[in-house]
Amino acid sequence: MKRIFAILVACALLLGLLPACREDAPSGPPSEPVVSDAAVFDLSVIDLISTAFDHSGREDQDGLEGLYTGESREELTAYARNAYQIEDAWEDMAMIRATGASAFEITVVLMEDDGAAVRAATAFMNYIAVRQGDFAGYAPAEADMAAGGEILQSGPFAALFICPNPKGASAAVEAALNGEPLPAPGFEDPVVQSKDVKELRDLLVSGQGMPGEALEKLDDGDPEALNAYVEDAYGLLPNQWVECAVARDEESAFEIAVVRVVEDWDVNLKVRNCLTAYLDGREAQFEPSTEQARLLHGAIAGQASDGISCYIVLLACKDRMGAMAAFSEAAGTMGFSYSPRYRYLDTDPNYPDRCLFTPPNKDDMSLYDTSAIRAAWEKGDPSGLSAYDREIYHEAEKVLDEALEDGMSGYEKELALYSWIVDMVNYDWTHQDRMEETPRESFTPHGGLVERKAVCLGFATTFQLLMDLAGVECITVVGASHNSTSDHAWNMVRLNGAWYCVDVTWDANAREQAGRGKWEDWNYFNITSDEMADSDHQWDYAGIPEASTKGLGRE
């Protein structure tokens with residue numbers, strides 16, 4: 001058992017709580033005793049999470065903390081409700097999570113019954129998408145680890161695994177719950193029975209509210225018709241798939257297909273590419289403004305594995321997320337991975353090549369008022385400023401004295417100040433820590449200049465203030481990232497009458513995460529609006545100047 005839980009487990013043993021701690025601390029307000037399905041299990045959540053950590057692919061415990069019901073029930077209750085959106089009462093929970101710039105997180109929860117566990121597993125699945133958005137752009141490797149997370153539901157237990165080896169952790173916990181020998185660290189696929197593709201197809205169709213008799217269904221009931229369609233429409237060769245079931249409506253563009261292929265990465269990729277190409281061609285058959293074209297624009301070809309077989313699932317339907325969740329539960333995969341065929345699923349009607357911008361409003365993105373600081377700078381007298389603003393003023397003065405030289409052009413000033421922020425300001429990772437409250441200073445120039453730690457709005461307003469004081473025209477753009485699900489902010493600079501976009505936050509993150517801080521490593525310095533839109537930035541396209549000039553803006 002790992003050291004991270006050694007003290008907790010020792011205390012539990014001394015108190016005689018390890019196998020029964022869930023009975024001593026019921027969640028929620030006092031109520032009548034509940035007889036849970038969990039009584040058939042002898043393992044505690046601490047046993048299970050320790051097993052998961054042993055198989056998680058992580059060797060060190062630096063930057064990790066362990067929480068369990070006996071000592072952290074209040075914290076876990078708040079986290080389950082606010083982060084995971086688990087509304088059902090639970091009996092026992094344990095968590096190992098990273099603090100700081102890491103998405104690592106393993107949670108095992110014992111719910112009151114199997115139904116509540118299924119709902120918890122669904123909540124975990126939604127959380128994985130949210131967690132990916134937390135790190136997208138800021139720490140790409142951590143975003144990828146979150147996106148590859150696994151979920152397990154077994155009886156009244158539900159578990160989340162965001163770690164280097166989520167399949168290994170999931171398989172180990174499942175084996176422990178089944179009383180089977182644990183797989184050796186490194187992962188062994190659990191042996192399961194693959195589901196019938198026709199049943200899975202029909203389940204997905206019924207979940208979309210489509211009348212079965214109105215659809216054309218193709219499956220092994222008519223192998224000749226099925227083979228012809230799979231080859232002619234999808235472009236799949238006979239050796240690329242094992243089973244297939246299709247339901248489609250020629251008029252409405254609705255189509256669902258479940259294809260079972262062998263566990264082979266190259267084959268899986270080829271099948272997914274074929275289905276993606278089919279969706280591209282199908283979409284081109286409809287006028288872009290029609291409902292059917294929009295339905296096909298958001299259609300996906302995703303992948304899920306049950307341990308011995310891989311399913312490639314085509315979803316051209318309205319409720320894609322519901323279909324993914326239903327498929328994962330029915331097929332026993334508890335996971336579904338896909339890449340949107342476009343960088344976004346919803347396009348702006350006036351900017352068809354860009355993601356529709358909808359302000360996430362998860363953070364307070366109001367700009368800090370620097371007018372008093374700028375007025376004091378013009379006078380050369382900060383004595384009338386508040387103590388807070390005086391700190392910002394004096395630190396800005398030091399930066400300008402250090403970074404700028406007489407006779408610099410606007411571009412040279414921009415380059416020097418951008419470089420200073422990339423080198424000297426770190427990201428405040430409390431913003432990604434759902435048990436920490438990010439201080440408001442991190443959203444202001446005080447965070448960037450005084451604390452030398454900020455979130456995106458603090459980076460952007462720090463750059464804005466320095467550029468203002470340096471006499472270079474600049475604005476702050478408050479927008480979004482990750483398909484308009486995460487608040488984000490950056491800047492635009494005007495040089496020689498032309499606008500350019502900059503995102504100092506993400507270039508500073510590249511320095512902090514990957515050691516890429518030199519100017520030639522920057523990806524977001526003086527680029528066009530199209531390039532910003534292509535790199536997962538969304539904003540009010542009509543209300544913000546358009547940057548269209550190529551080049552860095554050197555005079």
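**Strand S16 and its neighbours**

Guide: Strand S16 and strand S17 (residues 498-502) are joined by five bridges and run antiparallel; strands are DSSP runs of E with at least two residues, numbered from the N terminus, and two strands pair if DSSP finds at least two bridges between them. This is a predicted model, where local features need pLDDT of at least 70, side-chain atom pairs count only at pLDDT 80 or more, and totals for chains, interfaces and linings use all residues. Residues are numbered from 1 along each chain as its sequence is written, and side-chain values use heavy atoms, with hydrogens and water left out.

Visitor: Which residue in S17 is the bridge partner of Met492?

Guide: Cys501. Between S16 and S17 the hairpin has two residues, and Asn496 takes a positive phi near 55 degrees there.

Visitor: How many bridges join S15 to S16?

Guide: Eight, and S15 (residues 474-481) runs antiparallel to S16. One of the pairs is Val478 with Ala489 in S16.

Visitor: Why is S16 largely enclosed by the rest of the structure?

Guide: Because nine of its 10 residues (486-495) are buried, meaning under 20% relative accessible area with a 1.4 Å probe, protein chains only.

Visitor: And Ser486, buried or exposed?

Guide: Ser486 counts as buried, at 12% relative accessibility.

Visitor: What is Ser486 in contact with, leaving aside neighbours within four places in sequence?

Guide: Gly133, Pro360, Gly479, Ala480 and Ser481, where contact means heavy atoms within 4.5 Å.

Key. Buried < 20%, exposed > 50% of the residue type's maximum accessible area, 1.4 Å probe, protein only. Helix = DSSP H or I, 4+ residues; strand = E, 2+ residues; numbered from the N terminus.
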